[in-house]
6 protein chains.
Amino acid sequence: MIYVTKKVSFSASHRLFNPTWDNEKNEEIFDKCNNQNGHGHNYVLEVTVKGFPDPDTGYVFDLKKMKRIIEDHLLKFVDHKHLNHDVDFLSGIIPTAENMAVKFWEVLQEKFEPASLHKLKIWETENSMVEYFGDKVHIQLYDEQ
Amino acid sequence: MIYVTKKVSFSASHRLFNPTWDNEKNEEIFDKCNNQNGHGHNYVLEVTVKGFPDPDTGYVFDLKKMKRIIEDHLLKFVDHKHLNHDVDFLSGIIPTAENMAVKFWEVLQEKFEPASLHKLKIWETENSMVEYFGDKVHIQLYDEQ
Amino acid sequence: MIYVTKKVSFSASHRLFNPTWDNEKNEEIFDKCNNQNGHGHNYVLEVTVKGFPDPDTGYVFDLKKMKRIIEDHLLKFVDHKHLNHDVDFLSGIIPTAENMAVKFWEVLQEKFEPASLHKLKIWETENSMVEYFGDKVHIQLYDEQ
Amino acid sequence: MIYVTKKVSFSASHRLFNPTWDNEKNEEIFDKCNNQNGHGHNYVLEVTVKGFPDPDTGYVFDLKKMKRIIEDHLLKFVDHKHLNHDVDFLSGIIPTAENMAVKFWEVLQEKFEPASLHKLKIWETENSMVEYFGDKVHIQLYDEQ
Amino acid sequence: MIYVTKKVSFSASHRLFNPTWDNEKNEEIFDKCNNQNGHGHNYVLEVTVKGFPDPDTGYVFDLKKMKRIIEDHLLKFVDHKHLNHDVDFLSGIIPTAENMAVKFWEVLQEKFEPASLHKLKIWETENSMVEYFGDKVHIQLYDEQ
Amino acid sequence: MIYVTKKVSFSASHRLFNPTWDNEKNEEIFDKCNNQNGHGHNYVLEVTVKGFPDPDTGYVFDLKKMKRIIEDHLLKFVDHKHLNHDVDFLSGIIPTAENMAVKFWEVLQEKFEPASLHKLKIWETENSMVEYFGDKVHIQLYDEQ
């Protein structure tokens, strides 16, 4: 196996809050991330696929093609958007980086054959990062506010 | 003269639009930056002051103190905020990095004596940056929407 | 499982030498790292925990809380310190990044429940790094000099 | 086990093409990477070894020695070279980062005893990266053109 | 005045040699940069323009437009190319970063009105950089080899 | 004029204190930087020279030569050293980045002819930086402790 990674970035805003909690509780738990008008980040996303190099090309997966797939299926829906309001496939979730990783996986999972998706890494800031390998994870859905 | 720089960062959301224009014109000019629900960035701010080193300390300006001043007078008002709605000293301007630099200068200008503020550098993304040295610049004010 | 990482940094000095060896042997083995008055680094530490996102928050572990724990239990003891002389939990070890990782693990191991500590990554310079996953490793203790 | 990584870089040029294909097909598949006169990159290579810290030194493997080994056995052959023409151990392969990783592994594999080579990571640009752990992979050889 | 900078990158190969010198002299002066088959870099280019913010937009110059101009007039001619052979406006010069900066200036100079081009910064590697402000500089032309 | 910059780094320890002050005053002013056993940094130094490109080479100053000069005259004296005790040309000064820049300037000033030294930039951490252009600055000397 060889692992191939493409790094991309997008700029988006979000607000963290649990709609079943009152303001006080949201404030206590999410603190500054709960600002009512939201805040934003330059997210950095690293998509890793695994496979064997094609003898004809020496590529596990053509990185130019990989970038286009990530742009067409993911980035155009989240870049310069508000993650709580503008993105169908994030609808109803609390848009933490953890939950975003799980939802991004669903979007990208089948897109890199014959290679297979191995890992998603999301940097929310240059000091905060999550990694997800596609394990079964339960994501709570809430009615949108 | 010696120049001393402190680099800090903050996460905020904004929306670029001119309230005297209709949607179509705003869309044409500001494109994806005009998304109605806004978007966001991890802004990086470099504050540079100039002066002579104090013979007693070897400091032009103590960088630990400089960081606290930037946090107390600037960052606590913009970090994890929506720049169009939540920040008094940005009220009524179009929050481009250019306009933000001019307004940040007004906030920080007198705060580093006996050193003097020399430059503000704002990275909106890792590829887009503005620099401002305190020149007289006219900033248009609009009624807030 | 989802993996969540917080990156922090600290500035410290150290000296590498084995007190059971003479100067010549220390010089030969540790070379410039054996400078008698020590030298220093801006260490970068990445702490990774793993777990499942809490349905109420979407967090595996709140990264703001994680930063405070790392600061309170680790950084305040090593930041702006001499690692050979000033840090109780490093006492008697040769402060290589490898040995530091093992000792840092002991300090942080139980602090992130219900998540569990998964990995420590220490960059000594931007080109030299160690990773530790909590395996049983023997660390030699020496009488302090 | 503890994992120790040294990061180095080298500047080289290459051209991607399959000599059994005509120009049109090469153009279609490799696109701009197929430019006849080649193009180039500042490659970043991270070499990771694993092992247990030596009780006498606290080192899994001395990183100063590790750097010299990488320079003597690998970098001096690829730095400031054309990877299609100037490097014996890359002769006949399509010099994608995937294939380079497999060939670099053969060169470095036995060089870090008593530690063992664990991973090679090659960044071709700051957004494109491959990782290889030494798995058996078939690399197609072509007659050099 | 406010200064606005767009950072872009491109991957190219080049060879440094003076065609009026023999091999020995070229080897002595240009050393590894004189490798006959060339070598390459991921160049990073920062383009800085200066001007006053337009009251209608808050922009000195729209950075999205700036990126397109740099791509259309410069990057498409140098990205994934051999700088000695493939680029008309570099024909006959020794492609050092200094000379490239002067030639890039000629290409971009008039393209950002009403803002004006202020500085070009070229990083050849992450440790080697040149800056040019449009001063009159003589560039020697050689017959191409 | 064209400006050429070489970036290098070194790892050193230091302690900030004024020997004419008592512990309490040093503690108050220098805070954690006054730790008795010192602390350390990976300093990053950018050396910028200016001049015109030599028509024979296209170089303002050969960056390979520039690196060797910086290593031979500066880095070998400060890398892996204690700046308060081990460096002759820093003897008696408080080793702030400001004072270091002035002293480094004296060391490097005449070394790059026919180019001339233009700027020294020192990053003490990735968020704290000083720049010096060779202006006349008074540095207080103290008896060494």
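1. **Ground rules.** Residues count from 1 along each chain as its sequence is written, while chains are lettered from A and ligands numbered from 1 in the order in which they are written. This is a predicted model, where local features need pLDDT of at least 70, side-chain atom pairs count only at pLDDT 80 or more, and totals for chains, interfaces and linings use all residues; side-chain values use heavy atoms, leaving out hydrogens and water.

2. **A bent helix.** Start with helix H2 of chain F, residues 63-78. (Helices, H or I with at least four residues, and strands, E with at least two, are DSSP runs numbered from the N terminus.) H2(F) has a kink of about 50° centred on Glu71(F); the bend at a residue is the angle between axes fitted to the seven residues ending there and the seven starting there.

3. **The two ends of H2(F).** At the start of the helix, a side-chain oxygen of Asp62(F) comes to within 2.9 Å of the backbone nitrogen of Lys64(F). After the helix comes His80(F), which has a positive phi, near 60°.

4. **What H2(F) hides.** Among the buried residues of this helix are Leu63(F), Met66(F), Ile69(F) and Leu74(F). (Buried means under 20% relative accessible area, exposed over 50%, and partly exposed in between, with a 1.4 Å probe and protein chains only.) Their cover includes strand E5 of chain E, along with strands E1, E2 and E3 and helix H3 of chain F.

5. **How chains F and B are related.** Chain F superposes on chain B by a rotation of 120° with 0.0 Å of shift along its axis, at RMSD 0.0 Å. The two copies are thus related as by a three-fold rotation axis. Within chain F, Glu126(F) comes closest to the axis, at 8.7 Å (C-alpha).

6. **Where F meets B.** The contact takes 27 residues from chain F and 20 residues from chain B, contact meaning heavy atoms within 4.5 Å. Together the chains bury about 1900 Å², 55% of it on carbon and sulfur atoms; buried area is the accessible area (1.4 Å probe) that two parts lose on being put together, summed over both. On the chain F side, Glu98(F), Asn127(F) and Glu131(F) lose the most area, together 27% of what that side buries.

7. **Where C meets F.** Here 20 residues of chain C and 20 residues of chain F take part, burying about 1600 Å², 46% of it on carbon and sulfur atoms. Asn37(C), Asn42(C) and His80(C) supply 38% of the area that chain C buries there, more than any other three residues.

8. **Salt bridges.** How many salt bridges cross each interface? The rule finds zero between chain F and chain B, but two between chain C and chain F. (A salt bridge is a side-chain nitrogen of Lys or Arg within 4 Å of a carboxyl oxygen of Asp or Glu.) Lys32(F) and Asp79(C) form a salt bridge at 3.5 Å, N to O.

9. **A loop residue to look up.** Thr57(A) sits in the loop between strand E2 and helix H2 of chain A. Its relative accessible area is 9%, so Thr57(A) is buried. Leaving aside neighbours within four places in sequence, the contacts of Thr57(A) are Trp21(D), Ile29(D), Phe30(D), Ile94(D) and Thr96(D).

Methods:
Polar contact = N/O pair within 3.5 Å; in protein donor to acceptor, adjacent residues only side chain to side chain. Least-squares fit on C-alpha atoms with pLDDT ≥ 70 in both.
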